[in-house]
Amino acid sequence: MPKITYRSPDGTDTVVDVASPCTVMRGAKLHNIDGIEAQCGGSAQCGTCHVYVDDANTLPLPPMHEVEDDVLYGTASPRRETSRLSCQLPVTDAMDGLLVHLPEAQS
Amino acid sequence: MTPRPSPSGADSETAPPTFPYQRGCPFSMPAEYPEMIEKDVSQVTLTGSGLRIWTVTGYHTIRQLLTDPRVSASRKHDNFPFYFIAPPEFRTETSFIGYDGEQHTKTRRKAALTFTSRQVKKLRPRIEEIVDEHIDRMLATAPPVDLHHAFSLPVPMTVICELLGIPHDKHDFFIKHGTALLGGHSSAEERQAAIVEVNAYVDDLIQLKKREPGEDLLSRAMADYEASGEEYTDRDLFNMVRLLMNGGHETTASQISLGTACLLENPDQLEQLKADPELVKPAVEELIRIATIGDTAVPRVALEDIEIGGQVIRKGDGILCLGLAANRDPEVFPEPEKVILSRGTRKHLGFGHGVHHCIGADLARLELEIVWSKLFQRIPTLRLAKPFAEIPRKEGAVIYGLWELPVTW
């Protein structure tokens, strides 16, 4: 089962096993990880499941669709090169070891 | 009517109560809900279809269920919670509201870029004009006026027509037919004729956009399909247009009328809103929560056995997620029956939850914000023209609402 690490802004890591089919967002919600709101619940609409993928990431992630791109312009914490909506990242075995950083604010 | 197979986990000896229930007060839960909330997950029989299905009422339970990949929104399942005996096309001609997984994602994305928060913000000046024009028209007539017909129905219809790229000279056609379908003053024959005419026009519209594409949603959806190389037919486009038109019209119209009535019935809250225009954004959220017009409009089917809320929902069983009950969860919304505009948050489930969360939520929010800012600013003496208790309600309708809202000033 792929392990995903969620790093909070204070540097605390929470590592969870995320069973497929599941997204990085739902993995956080199922494990009650603070810092992912996901108000809309995964429709790429609210922008409150924003994460920064680790700068050093080499694991394969799905390409960003233009809807996600558009929503990322409205996130509460500033968008960076590594910004993604975690609801748009379905977890696969190839993503084992993924590290995502949680932003300061989601709304 | 022959009842469909009961949920496998059901106690087949005792038929569960028939559903939906009546609200009585439009801003309260039906009297039967508190007992259902106690159980969280319980069973009912749908009056019109005879289907025995599960209802889920807990705020957290619903959020969990609506993000569970073992739950389907497809109308194809035998026990999909239809309120009536559904004709076969109701199971197939749905567009993305009735799709799962990749098919859902791909289809929804053809429309989604029009409805992101960033794109919707650009519509503000035009929606302000549309709202002003309709207020002007009301003010030009002698009160009393039926606000539901003069304002709540035509405003969102005009907005969605513009987004879909329907030419201006056809807007009156859609407003007239939309009112015939939803206004409550027409016969079954008139409603059927309206459906036939609207459908014929949508077919024409698709051909028009093929010949002369514009900057509208429909033209963009076609271009996206072409660019993606996915197979698609005119039926796919037709179903998407009809879905967006239904979703963008009746819901917003109902919310405008119910929210306006709620403000007029809570004068202390209305005074706060008039005194502080900044209050309108939380007010929109609180009024959506209080009304939860789509309470009975979130149907699903279990694809596997799901243990939840102390019950096992069996594979193939139908489920209704009752947002009105969830939006009365006192742990999430203390004193839930009270209207407190200042506490409004986006936590409510008034737009559903999960991948099928209302695609037009941000558009609806903007329309409602502009409506309630302008309506009371421009008509500060607006009031009901008859006692609220006498105004007829759409009891048992999938989208709850009022049939009329007589107002004066």
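Reply: We can begin with a term: a cavity is a set of grid points where a 1.4 Å probe fits but cannot get out. Please keep in mind that this is a predicted model.

Me: How many cavities of 30 Å³ or more are there by this rule?

Reply: The count comes to four cavities of 30 Å³ or more.

Me: What volume does the largest cavity have?

Reply: The largest cavity has a volume of about 110 Å³.

Me: Which residues of its lining lie nearest the centre of the largest cavity?

Reply: They are A:Gln39, A:Cys40, B:Arg346, B:His357 and B:Arg365, out of 14 residues that line the largest cavity.

Me: And how do the lining residues of the largest cavity divide into nonpolar, polar and charged?

Reply: The lining of the largest cavity has five nonpolar, six polar and three charged residues.

Me: What about the second largest cavity, how much space lies in it?

Reply: The second largest cavity holds about 100 Å³ of space. Its lining consists of 13 residues, and those nearest its centre are B:Tyr21, B:Arg23, B:Asp295, B:Thr296 and B:Tyr400. By class, this lining has eight nonpolar, two polar and three charged residues.

Me: Now the interface, please. How many residues of chain B and chain A are in contact?

Reply: On the side of chain B there are 24 residues in contact with 18 residues of chain A.

Me: What area do chain B and chain A bury between them?

Reply: The two chains bury about 1700 Å² between them, and 48% of it is on carbon and sulfur atoms. Within chain B, the residues that lose the most area to chain A are B:Arg109, B:Leu113 and B:Arg118, which together account for 31% of what that side buries.

Me: Which residues form a salt bridge there?

Reply: A:Asp70 forms a salt bridge with B:Arg118, and their closest N and O atoms are 2.7 Å apart. The rule finds one salt bridge across the interface of chain B and chain A. As for polar contacts, 10 residue pairs are counted between the two chains, both residues being at pLDDT 80 or more.

Me: Which helices of chain B each supply at least two residues to the side that touches chain A?

Reply: They are α2 (59-66), α4 (101-112), α5 (117-121) and α16 (361-378) of chain B. The largest share, three residues, comes from α4(B).

Me: Last one: how do the residues on that side of chain B divide by class?

Reply: The side of chain B that touches chain A has eight nonpolar, eight polar and eight charged residues.

Definitions and conventions. Residues are numbered from 1 along each chain as its sequence is written. Chains are lettered from A and ligands numbered from 1 in the order in which they are written. This is a predicted model: local features need pLDDT of at least 70, side-chain atom pairs count only at pLDDT 80 or more; totals for chains, interfaces and linings use all residues. Side-chain values use heavy atoms; hydrogens and water are left out. On a 1 Å grid over the protein atoms alone, a cavity is a set of points where a 1.4 Å probe fits but cannot get out, and a pocket is an open set with protein on both sides within 12 Å along at least five of seven lines; lining residues have an atom within 4 Å of a point. Grid points are joined across faces, edges and corners, and a volume is the space filled by probe spheres set on the points. Ala, Val, Leu, Ile, Met, Phe, Trp, Tyr, Cys and Pro count as nonpolar, Asp, Glu, Lys and Arg as charged, and the others, Gly among them, as polar. Contact means heavy atoms within 4.5 Å. Buried area is the accessible area (1.4 Å probe) that two parts lose on being put together, summed over both. A salt bridge is a side-chain nitrogen of Lys or Arg within 4 Å of a carboxyl oxygen of Asp or Glu. A polar contact is a pair of N or O atoms within 3.5 Å; within protein, one must be able to donate a hydrogen and the other to accept it, and residues adjacent in sequence count only if both atoms are side-chain atoms. Helices (H or I, at least four residues) and strands (E, at least two) are DSSP runs, numbered from the N terminus.
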